[in-house]
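Dear colleague,

I am passing a structure on to you, together with some notes on its strands and its charged side chains. Please read the notes with the structure open beside them.

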Amino acid sequence: MPSQEPGPDAARDAPGPDTAGPGLERAEEVFRGVRGRLFGIAYRVLGSATEAEDVLQEAWIRWQTYDRSTVREPEAFLATTVTRLAINVARSARARHESYVGPWLPEPVDTSADPALGAERGAVLEIAVLMLLERLTPTERAAYVLREAFDYPYDRISEIIGQTAANTRQLVSRARRHVSRERRAGVGAAEQKRLLAAFVNAARRGDMSALEELLAHDVVSYTDSGGAVRAAKYPLVGRERVARVVHAFSDRFWTGVTVEEVRANGAPAVRLSRDGEVFGVITVTASEEGIDRVLWLMNPAKIGGFAASAEP
């Protein structure tokens with residue numbers, strides 16, 4: 001297992017004398033300049049904005065206390081530090097996810113309020129893709145994220161994750177096969193937005209026929225509550241079952257609810273609030289067969305970013 005600290009290969013091309021041994025102000029400037037990319041790496045590896053922020057805080061502490069005069073490529077050093085920290089956190093998080101109450105979904109990010117997360121490369125950001133990455137090993141996940149989301153060359157990825165170039169290519173290839181095997185070809189953003197709106201409208205009315213027309217035959221509905229609110233503890237599978245359950249709860253669930261369009265991880269979503277308090281976010285994935293995933297994010301600990309951006 002690679003050490004948490006980047007090795008000497010992460011810092012090349014010696015700086016000129018005017019940049020050697022930068023002070024804390026310069027260190028903060030460098031860190032701030034790459035913070036968006038660092039957060040994007042950590043978030044995609046972990047599927048949690050909260051844990052990604054913790055990783056960045058630890059990386060900043062290390063950056064402050066490190067002998068920065070020996071670092072020849074600060075961005076490479078910081079990317080390596082963040083990736084290795086994220087891998088270590090992901091290893092410990094796997095056990096927590098296994099004991100999680102009900103389905104575990106990635107913590108969504110409100111990209112309508114903070115579009116910068118997906119500005120550089122929107123790849124490997126959708127909640128459904130992050131769900132698939134959760135089944136990979138943390139090292140596979142990191143290699144895939146660095147390659148697919150940030151287009152790092154294989155030799156640099158191998159340095160970051162502490163693997164040979166050949167092993168790195170195998171990790172990325174294996175991750176690609178997993179994602180492509182499990183993920184259907186999706187519809188465009190406009191169609192996804194239309195299907196989501198139609199689903200919410202049908203759900204609010206409790207219209208079984210309309211719901212069944214929208215859903216793929218093997219649709220899966222996941223509700224992530226973490227046990228904090230009452231919700232299904234297992235995924236619901238199949239068009240009839242999902243439609244029946246959504247219909248059964250329509251009169252109670254939707255009473256007094258305000259629905260607002262947002263973007264969760266770069267995709268269309270809706271924010272649900274009652275009496276001014278945000279209590280849920282819904283998004284879907286869809287293929288030519290219809291809506292194949294309905295994702296209900298109901299854990300208050302995970303939707304704070306959406307509550308913060310809500311209208312007063």
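In these notes, a residue is called buried when its relative accessible area is under 20%, exposed when that area is over 50%, and partly exposed in between, with a 1.4 Å probe and protein chains only. This is a predicted model, in which local features need pLDDT of at least 70 and side-chain atom pairs count only at pLDDT 80 or more, while totals for chains, interfaces and linings use all residues. Residues are numbered from 1 along each chain as its sequence is written, and side-chain values use heavy atoms, with hydrogens and water left out.

Let me begin with the strands. Helices (H or I, at least four residues) and strands (E, at least two) are DSSP runs, numbered from the N terminus, and two strands are said to pair if DSSP finds at least two bridges between them. Strand 4 (residues 267-274) is largely enclosed by the rest of the structure, because 7 of its 8 residues are buried. On one hand, strand 4 runs antiparallel to strand 3 (residues 257-264), to which 8 bridges join it, and in this pairing threonine 258 has serine 273 as its bridge partner. On the other, strand 4 pairs with strand 5 (residues 277-287) over 6 bridges, again in the antiparallel sense, with alanine 269 standing opposite threonine 283.

Both pairings are hairpins. Between strand 3 and strand 4 there are 2 residues, and asparagine 265 in that turn has a positive phi of about 55°; between strand 4 and strand 5 there are also 2 residues, and here aspartate 275 takes a positive phi near 55°.

Now to the charged side chains. A salt bridge is counted where a side-chain nitrogen of Lys or Arg lies within 4 Å of a carboxyl oxygen of Asp or Glu, and by this rule there are 19 of them. One of these joins glutamate 260 and arginine 271 at 3.3 Å, N to O. This pair links distant parts of the chain, since glutamate 260 belongs to strand 3 and arginine 271 to strand 4, 11 residues apart. Arginine 271 is buried, at a relative accessible area of 5%.

Glutamate 134 and arginine 141 form another salt bridge, their closest N and O atoms being 3.8 Å apart. Glutamate 134 is buried at 17%, and arginine 141 is likewise buried, at 4% relative accessibility.

Finally, Glu73, Arg156 and Glu159 are linked in a network of salt bridges.

With best wishes
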